[in-house]
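Please keep the sequence and the 3D view at hand while reading.

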Protein chains: 2
Amino acid sequence: MKLYEALAQEIEDLVSRQALRPGDRLPSVRQQQARRGVSPATVFQAYYLLEARGVIESRPRSGYYVARRRLPDDAPPEPHVSQPAFDAAVVDVSALVFDVLGAARNRSAIPFGSAFPSPLLFPLERLARETASAMRRLDPWSTVADLAPGNDALRRQIALRYQLDGAPVPPDDIVITNGAMEALNLCLQAVTRPGDAVLVESPAFYAALQALERLGLRAVEVATDPRDGMEIGALAQALERHRPAACWLMTSFQNPLGCLMPAGKKQAVVELLARHQVPLIEDDVYGELYFGARRPALAKRYDQHGLVMHCGSFSKCLAPGFRIGWASPGRHAKAVERLKLSTSLACAMPSQLALAGYLAQGGYDRHLRQLRSALEAQRDAMLMAVARHFPAGTRATRPEGGYFLWVELPAGADALALQRAALERGISIAPGPMFSARREFGNCLRLNYGHLWNAELEDAMAVLGRLARA
Amino acid sequence: MKLYEALAQEIEDLVSRQALRPGDRLPSVRQQQARRGVSPATVFQAYYLLEARGVIESRPRSGYYVARRRLPDDAPPEPHVSQPAFDAAVVDVSALVFDVLGAARNRSAIPFGSAFPSPLLFPLERLARETASAMRRLDPWSTVADLAPGNDALRRQIALRYQLDGAPVPPDDIVITNGAMEALNLCLQAVTRPGDAVLVESPAFYAALQALERLGLRAVEVATDPRDGMEIGALAQALERHRPAACWLMTSFQNPLGCLMPAGKKQAVVELLARHQVPLIEDDVYGELYFGARRPALAKRYDQHGLVMHCGSFSKCLAPGFRIGWASPGRHAKAVERLKLSTSLACAMPSQLALAGYLAQGGYDRHLRQLRSALEAQRDAMLMAVARHFPAGTRATRPEGGYFLWVELPAGADALALQRAALERGISIAPGPMFSARREFGNCLRLNYGHLWNAELEDAMAVLGRLARA
């Protein structure tokens with residue numbers, strides 16, 4: 001074996017043992033030369049070989065990285081574009097959602113139906129230290145002054161990240177909220193009146209449907225591609241026909257499909273909505289959980305008219321339980337701030353101060369890299385388990401981020417019956433009808449792959465597969 | 001001077017130097033005998049003398065306590081019962097409220113217009129330690145499991161206090177919220193539909209008016225006695241005429257009047273509302289801030305039908321900035337829990353765990369005693385300042401708890417003009433029209449006495465008095 005082949009083998013072994021993970025940067029040629037004592041030519045040859053094998057990939061002006069995993073050829077096929085009814089619907093989905101969520105809260109159940117990734121994936125100890133430290137330094141008057149729109153230092157940190165994402169937002173236009181859920185609700189309330197129509201994806205995140213239901217709004221479900229999001233043509237038609245008050249989209253790694261709207265499509269959606277003067281509520285809580293080379297663009301980035309109300313959160317990517325999210329509502333910032341003041345006044349100081357401290361210290365991006373890598377490996381494991389255990393004819397999405405898989409069982413399967421049967425065996429799932437105002441998607445389910453994969457989860461997938469066959 | 005006279009004088013000196021404060025317990029006769037070396041007869045004689053002078057008071061089976069301060073005879077007279085219009089009104093008060101609150105947030109202003117007491121009155125260091133300790137012990141899975149209705153340990157602590165107050169509530173019927181503001185909003189939402197009428201006090205807490213405005217409800221303002229709260233006769237008439245969906249009352253130390261509804265009247269209100277099947281939203285955020293011998297009764301205590309939705313908070317009496325309140329919504333508990341889930345999902349874990357830890361450790365009641373004593377002294381100082389500096393014909397309430405004084409200037413005075421003029425001189429106040437759907441109370445203001453009294457505050461009262469005269 002030549003020297004460069006040996007070097008390549010060494011690195012490939014590290015990758016296969018997961019000591020190096022997808023997205024990790026390889027040592028530079030200079031580092032290999034200095035510490036490993038090999039010539040630049042040897043390093044280059046080794047890296048070229050690994051690149052040819054698909055193990056690593058080069059990024060211009062940045063170096064070599066462990067390549068993203070390729071899905072095996074026997075992954076299940078993807079579902080088709082949805083075909084929702086064209087009418088607006090009064091929403092009545094809450095009771096079903098609460099039933100399912102209530103059942104899924106059993107701690108001992110296998111959490112495929114959960115809305116959260118494993119809490120073990122988060123830097124809770126570091127956050128505990130930041131919380132303690134922030135509370136020791138607390139200025140008593142800040143407990144009175146830090147009402148909506150929220151703590152200054154935290155809003156500056158969030159503004160910094162908007163700047164890095166190419167969508168600069170002044171800190172004054174950011175409203176800190178009790179998680180993204182409150183941000184989305186306040187944005188929706190700021191731009192709608194009871195009876196208005198609101199465009200949502202099909203399938204849609206059930207909390208969006210519940211928000212419409214609570215505010216007396218009608219849902220217009222728009223055809224959505226499980227790979228790249230809401231269909232532009234269907235959106236244009238719905239805008240003409242329904243004159244909606246708002247459009248609520250999860251632009252990156254939508255819940256439940258996991259679809260990622262490409263940047264160009266995001267831009268087209270933003271421009272189309274702007275021509276109709278319709279605000280876009282951009283639910284972007286999974287945007288940081290990308291498996292690709294860089295963070296997906298924000299639709300907000302293409303906003304020329306202050307019509308994109310971007311909502312984010314730390315709950316899914318950094319600090320579950322801290323309940324800190326935010327809205328960047330563009331021209332409606334003042335209205336959202338006032339709604340926040342009059343519905344819940346302010347957000348918890350300990351949470352706000354701890355996160356402001358954490359973000360200022362650095363380490364967030366390192367944590368995110370580990371989190372993404374873990375989620376990507378878990379996605380693969382779950383996709384393969386679907387292929388192995390589920391009935392022939394099953395389809396599944398191939399999410400490029402987030403932690404949800406959308407599974408379409410063969411026609412005739414009953415996801416609600418499956419949910420009940422699985423729960424009896426200690427397994428929670430989220431059945432498709434939760435994600436539709438008309439309770440469609442009766443043969444679909446959302447599975448959560450946000451937990452460290454192990455034999456117990458694999459067994460649970462086998463049980464689900466058997467139940468689905470029956 | 002006889003021995004018992006000398007002993008009495010010693011104690012009276014301690015009281016006048018505030019070493020002993022209203023509500024503090026005096027050493028027992030046995031303690032005086034053992035440590036001070038005087039006979040029981042001497043102690044009794046001294047205590048009888050002090051009791052006769054009104055310095056101390058005896059409580060059956062409990063001992064002697066420093067008496068509550070009596071207001072001097074030259075305190076301003078009290079305002080009359082309000083006489084609101086009898087019609088329901090569409091509310092449009094938010095813009096005014098936000099203008100006034102925005103102006104009052106200037107940290108350097110004298111905070112007579114503030115809604116909060118001084119943060120220096122709270123055990124922030126102790127809370128910081130509890131927060132740090134709770135975060136170190138955090139169970140990662142609790143960040144997923146502690147959704148609405150909230151952290152178990154905290155709900156058990158709150159249930160304990162309900163039991164002590166004679167209104168037992170199972171922990172399962174308590175929903176933790178983002179401050180009382182969210183609790184009240186969720187309760188209101190659970191029992192109303194847009195267009196419904198809701199009964200409120202006159203004047204009413206502006207956040208109640210804003211909540212009605214946001215939900216498209218109509219306000220029926222009911223005549224209210226500045227000493228003992230809403231008038232029963234007026235309430236009965238309003239129930240007959242308006243068939244309201246709910247009644248929202250601050251039963252103890254109402255904001256802005258400071259009035260305390262006596263126990264018997266609370267019971268009468270609860271029974272009257274129950275006969276009409278109208279839920280009572282009981283906003284009780286100031287109930288712990290009583291200056292009397294014991295906590296005022298909860299209206300909830302008289303609830304036979306699960307129709308009283310009691311809302312409390314730690315923001316005003318223990319932990320400002322932690323944003324932890326709760327609702328105990330009786331028969332509507334499930335509905336409120338579900339609304340909480342779908343509007344903001346859960347409350348911040350660091351705040352919930354820290355408060356659960358604090359309450360379990362003990363020390364809350366000791367803190368409350370100090371807080372009440374400070375607030376009572378500050379009330380006296382402010383009342384006397386009103387008497388000294390404000391124009392003849394000024395009236396003022398005499399709150400027996402809380403930290404708000406309601407001042408009625410002579411007819412023709414313009415509180416909104418006064419607010420603007422005061423702000424230019426660095427003094428915030430809350431003008432009367434904020435507290436009325438029809439912007440009545442044009443010659444009234446709410447003053448906050450929740451801050452340690454000093455020469456600067458006294459001077460600011462003199463400035464206000466001069467401006468009011470002009």
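How many residues of chain A are in contact with chain B, and how many of chain B with chain A? The contact involves 53 residues of chain A and 53 residues of chain B. The model is predicted.

## Extent of the interface

The size of an interface is often given as the accessible area lost when the parts come together. For chain A and chain B this buried area is about 4800 Å², and 66% of it falls on carbon and sulfur atoms. On the side of chain A, the residues that lose the most area to chain B are Phe98(A), Arg105(A) and Arg214(A), which together account for 13% of what that side buries.

## Polar and charged contacts

Between chain A and chain B, 18 residue pairs are in polar contact, with both residues at pLDDT 80 or more. The rule for salt bridges finds two across this interface. A salt bridge links the side chains of Asp99(A) and Arg338(B), with an N to O distance of 3.8 Å. This pair meets the criterion because a salt bridge is counted when the side-chain nitrogen of Lys or Arg is within 4 Å of a carboxyl oxygen of Asp or Glu.

## What chain A contributes

Which elements of chain A give two or more residues to the side that touches chain B? They are the helices α4 (94–104), α5 (124–136), α6 (142–145), α8 (179–191), α9 (206–214), α12 (333–344) and α13 (349–361) of chain A. The largest share comes from α12(A), with seven residues. By residue class, the side of chain A that touches chain B divides into 29 nonpolar, 14 polar and ten charged residues.

## Domains of chain A

The domain assignment divides chain A into domain 1, covering 3–66, and domain 2, covering 123–361. The C-alpha centres of domain 1 and domain 2 of chain A are 39 Å apart.

## Four-stranded sheets

In chain A, four strands make an open sheet with antiparallel pairing, in the order β12-β13-β15-β14. Its edge strands, β12 (395–396) and β14 (430–431) of chain A, each pair on one side only. Strand β12(A) runs antiparallel to β13 (residues 404–408) of chain A and is joined to β13(A) by two bridges. Here Arg395(A) stands opposite Glu408(A) in β13(A).

Chain B also has an open sheet of four strands, in the order β12-β13-β15-β14 and with antiparallel pairing. The edges are β12 (395–396) and β14 (430–431) of chain B, each pairing on one side only. Two bridges connect β14(B) with the antiparallel strand β15 (residues 444–448) of chain B. Pro431(B) is placed opposite Leu445(B) in β15(B).

## Backbone features of chain A

Where in chain A are cis peptide bonds found? One runs from Ala148(A) to Pro149(A), with omega near 10°. Pro149(A) belongs to the loop between α6 and α7 (152–164) of chain A. Another cis peptide bond joins Ser202(A) and Pro203(A), with omega about 0°, and Pro203(A) sits in the loop between β5 (197–202) and α9 of chain A.

Arg439(A) is not a glycine, yet has a positive phi of about 55°. Arg439(A) is located in the loop between β14 and β15 (444–448) of chain A.

Conventions. Residues are numbered from 1 along each chain as its sequence is written. Chains are lettered from A and ligands numbered from 1 in the order in which they are written. This is a predicted model: local features need pLDDT of at least 70, side-chain atom pairs count only at pLDDT 80 or more; totals for chains, interfaces and linings use all residues. Side-chain values use heavy atoms; hydrogens and water are left out. Contact means heavy atoms within 4.5 Å. Buried area is the accessible area (1.4 Å probe) that two parts lose on being put together, summed over both. A polar contact is a pair of N or O atoms within 3.5 Å; within protein, one must be able to donate a hydrogen and the other to accept it, and residues adjacent in sequence count only if both atoms are side-chain atoms. Ala, Val, Leu, Ile, Met, Phe, Trp, Tyr, Cys and Pro count as nonpolar, Asp, Glu, Lys and Arg as charged, and the others, Gly among them, as polar. Domain bounds come from an automatic or database domain assignment. Two strands pair if DSSP finds at least two bridges between them.
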